[in-house]
Amino acid sequence: MATELQHTLGKAAGFSGTSLHTGEKVTLKLLPAPVDHGIKFKRKDLQDEPTIDAKIDNLKTVERATTIGEGSVRVHTVEHVLAALSAMGVDNAIVEMDANEPPIGDGSAQAYVEVIKRAGVTAQEASRRFFDVREPMHVESKTGSLLILLPDEKLRISCTQAGPGNRFTQFLSTEITPAIFEREIAPARTFVYYEDVQPLVDKNLIKGGSLENAIVVRGESILSKEPLRFPDEFVRHKIVDIIGDLALVGQRVRGNVVAVKPGHSANAELARAIAREQARTAAVAIKQPTFRGEGGLDTDELMQILPHRYPFLMVDRVIGFEGESKITGVKKLVTINEPFFQGHFPGHPVMPGVLQVEAMAQVACILLFRLSKSSSRLGYFLSADDVKFRKPVLPGDTLFIHAELTKARGNRLAKAKCHCVVNDAIVSEGELMFAFLDK
Ligand SMILES: [Zn+2]
């Protein structure tokens, strides 16, 4: 797959309008930003002009619209501008506003697309970061939303929308490219159900709301200033919201999002699940599983450090150190001939979890001995906390063993966070503690 570059805006551009909740005038400006900056909102109207990262960690509420915040600063209804930036291929930008909410425009993402096109989109000198879906993931909500993320080479959204009593059921499946988004998705307007908004209108909570910026569904009828822009405008708007909410992941998602009755809450749950998976794969990102002379240790070298011998040496070599606190070891479970496979279990060979913990302990010990530069002592395994076995390890697998030193008290006690990885997935993890005693 060819490398794709990160993009930002060619220049600043903006527009003014009404904010949905307060009904006040607001000016929004989109500004270029450097590589790896991501999307940040800037509150021009507040002292010190605080910025808020458009990241799922900053998600505050998902009722009717998506609100993010840091400290006491909030930005409401971020999903349409985020959808436009993401779908039009902008990775890095500042969204500057003089209110707590972008102008609502006509309730669609079209106004933002126009601003982005006026600003232009330009390539930057760094490659784009993607979240590639490796295994299906899904989230479900009590209200009947179901979102499934399947592997795909591109971002595709397959969405089913259904209103009360399954009225206005619509389905659309489409790849998301800038051209498709601009033509097919961005013009689709927000729609609301009369029974949901009437109480808000009564409480004066949506001062800027009108038929200028939303379609109102009352029973079987549709109230709107202009006719529907698409016969299936509702499902198209649902796709806008999905793209906007998933933009909070911070990386471009490559996968097929299958969404049934999606909403901001379920979308945000999926974004969270992706972020968790992202953190996990970042933790296990291994450049090359090959031995690099200066960084690693071969079997002879590590046997000078560890007293363990076959069949209890659970690491073949060390493929690298990172600073003083991280190490990665590797154990190739070449064949079924590993002694433990034969008895664990006949006809169904899996590597025993306790041996994975032993592998973590041995790799962590190499790190600790290297630090103390002393081999006149023995490390004893004191405790193992939060040990989890997530997936079976089978004959033929290569086990990557990662250890990170988290605490060292004097030179007698040490703690290490460890995990084992097979095929880029964590198979086991645990926090180990060691004591050192003189031989
Ligand atoms: Zn929306």
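A: The protein chain has nine helices and 25 strands, where helices (H or I, at least four residues) and strands (E, at least two) are DSSP runs numbered from the N terminus. The model is a predicted one, in which local features need pLDDT of at least 70 and side-chain atom pairs count only at pLDDT 80 or more, while totals for chains, interfaces and linings use all residues. Residues are numbered from 1 along each chain as its sequence is written, and side-chain values use heavy atoms, with hydrogens and water left out.

The C-alpha trace of the chain spans about 85 × 50 × 45 Å along its principal axes. Of the 439 residues in the chain, 48% are buried, that is, under 20% relative accessible area with a 1.4 Å probe and protein chains only.

The pocket itself can now be described. On a 1 Å grid over the protein atoms alone, a pocket is an open set of points with protein on both sides within 12 Å along at least five of seven lines, whereas a cavity is a set where a 1.4 Å probe fits but cannot get out; lining residues have an atom within 4 Å of a point. Grid points are joined across faces, edges and corners, and a volume is the space filled by probe spheres set on the points.

The largest pocket has a volume of about 1300 Å³. Its lining is made up of 47 residues, and those nearest the centre are Arg64, Phe191, Val192, Tyr193 and Asp196. Two or more lining residues come from each of helix H1 (79-87), strand S16 (191-193), helix H4 (194-202), helix H5 (233-246) and helix H6 (264-284). Among the elements, H4 gives the largest share, seven residues.

By class, the lining of this pocket divides into 19 nonpolar, 19 polar and nine charged residues. Here Ala, Val, Leu, Ile, Met, Phe, Trp, Tyr, Cys and Pro count as nonpolar, Asp, Glu, Lys and Arg as charged, and the others, Gly among them, as polar.

How values were computed: Buried means under 20% relative accessible area, exposed over 50%, partly exposed in between (1.4 Å probe, protein chains only).
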